[in-house]
Amino acid sequence: MTKRHGYALLAALAAVVVLISAAIFIGVGGSGEKLNEAATRKPRGPAAPASAGAWVGTWATSPAAAEPNTPDGYAGMSIRNVVHTSVGGTSARIQLSNLYGNRPLTISHASLALAAAPSNPTAAAGTMRRLTFAGNTWVTIPIGESVISDPARLNVPPAADLLVTTYSPTASGPVTYHPHARQTSYLARGDRAEDAAGTAYTEQTPSWRYLTGVDVLTTEARGAVVVLGDSITDGITSTAGANRRFTDFLADRLRSEPGAPRYSVLNHGISGNRVLSDGNRFPPDNPSALSRIGRDVLRATGVQAVVVELGLNDILRTPQVTDPQKITDGLRQLVQQAHARGLRVVGGTLTPFGGHRGFTPRLNAVREQVNAEIRAGRVFDEVVDFDEALRDPAQPLRLFPRYDSGDHLHPSDDGYRAMAQALNVAYLKGSAPAEL
């Protein structure tokens, strides 16, 4: 080999080494930069979903308690939960919870379908889908835990009823449930999870069991707004089966109103819920908003904004909180936790309860002091004045008669509609929290 050829070969080898080194450096450096960016990136605002869609919660409820008198669960029975979607999508998945169980819960068969008619246990033709969990047709949920199913391809319309059915062959301990669904669901003996016909579902129930969420893969919605509240959010006095809760009317606005953010609405109201105090037992039934915000709000699929409707039960229920600062401090803690996730919080004033059996001038004074602090902008990023929207101008300590369900505390269907109309939906846009 000549000297010139030798130099050429050495130069070529050196060039190859440089190229390989550069490739390794770029590969490692690029990956490290992406990992570092992902680790430090703040939660994103409501970016437009990709053309393939994004996962967004379309329906949700909060696990509220262990169902009384269910030491063996519903062994050998099928539970067909009926739920109402807020946005549609091309695939769906569900979340099941064993939060209040005292032993592992085995679901050996689960299914998803569209209801053939509102509040009906019969599935629409061709929509029944068997659900799997990590590729298996069964799942065992540990005590206190929850699971999410694999996606099932199904065209889910907005504002439609879904049937989510579970079957457990073995005793599972106390049932995790939400007692005030304002929706009729169904029970059947034996494994009827994939029965399209509803004839076996002869037992009706006003509660949801085990099911706590349904997500859809959607291009319709840019995210979700979670409403954290008490019985007024739960819609306890709304017409059963008619989807006339405050959150249902809000979902209607967000689906159709020009300029409104295209968000789903997730109802995380629990009747009797308080900001500060848990219920009895362990884990606590009716957990306080401060103890459940992480599970019910911050982990919600696609959450972009939060609405808070809470505080009245802290005043009315034993132990009564008569220091308004304790309530507003608790509300501020909720806001701080949401801000840590980059979420804006719209907060509601506390509604009138004059004429209710729990009314006293002293307790009403606490409510008005809480409202004064909220209206002053020292609690939430934005305010929705539910008090002003619902009160009787002639008797401002009471609900307007048309908005009163009759118990002088909870709204009627018209009252729930007025609440949804009172919310400035522009407040739900954006992710940067205000300085309080």
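**Loops and a helix pair**

Modeller: In this predicted model, Asn243 lies in the loop between α2 (231-234) and α3 (246-256). Its backbone deserves attention, since most residues other than glycine have a negative phi, and most peptide bonds are trans. Asn243 is not a glycine, yet its phi is positive, at about 55°. With a relative accessibility of 14%, Asn243 counts as buried, because the cut-off for that term is under 20% relative accessible area.

A second residue can be described in the same terms. Tyr210 is placed in the loop between β15 (208-209) and β16 (211-218). The phi of Tyr210 is near 70°, again a positive value in a residue other than glycine. Tyr210 has 3% relative accessibility and therefore counts as buried.

Two packed helices are described by the angle between their axes and the distance between the axes. Helix α4 covers residues 289-298 and helix α6 covers residues 324-339; their axes come within 10 Å and cross at roughly 25°. The two helices are therefore roughly parallel, since angles under 35 degrees count as such. The crossing in which α4 passes α6 is right-handed.

Which residues of α4 and α6 meet? From α4 come Ala289, Leu290, Ile293 and Leu298, and from α6 come Gly330, Gln333, Leu334, Gln337 and Ala338.

The protein chain has nine helices and 23 strands. Of its 436 residues, 52% count as buried, and Asn243 and Tyr210 both carry that description. Among contacts between residues at least 6 apart in sequence, 80% join residues at least 24 apart. The accessible surface of the protein chain comes to about 18800 Å², and carbon and sulfur atoms account for 54% of this area.

Methods: Residues numbered from 1 in each chain as written. Predicted model: local features only at pLDDT ≥ 70, side-chain atom pairs only at ≥ 80, totals over all residues. Heavy atoms only, no water. Helix = DSSP H or I, 4+ residues; strand = E, 2+ residues; numbered from the N terminus. Buried < 20%, exposed > 50% of the residue type's maximum accessible area, 1.4 Å probe, protein only. Contact = heavy atoms within 4.5 Å. Areas by Shrake-Rupley, 256 points an atom, 1.4 Å probe, with all protein chains shown as cover. Axes fitted to C-alpha atoms, helices over the stretch in contact; angles between N-to-C directions. Parallel < 35°, antiparallel > 145°, perpendicular 65-115°, else oblique. Left-handed = near helix turned anticlockwise from the far one by under 90°.
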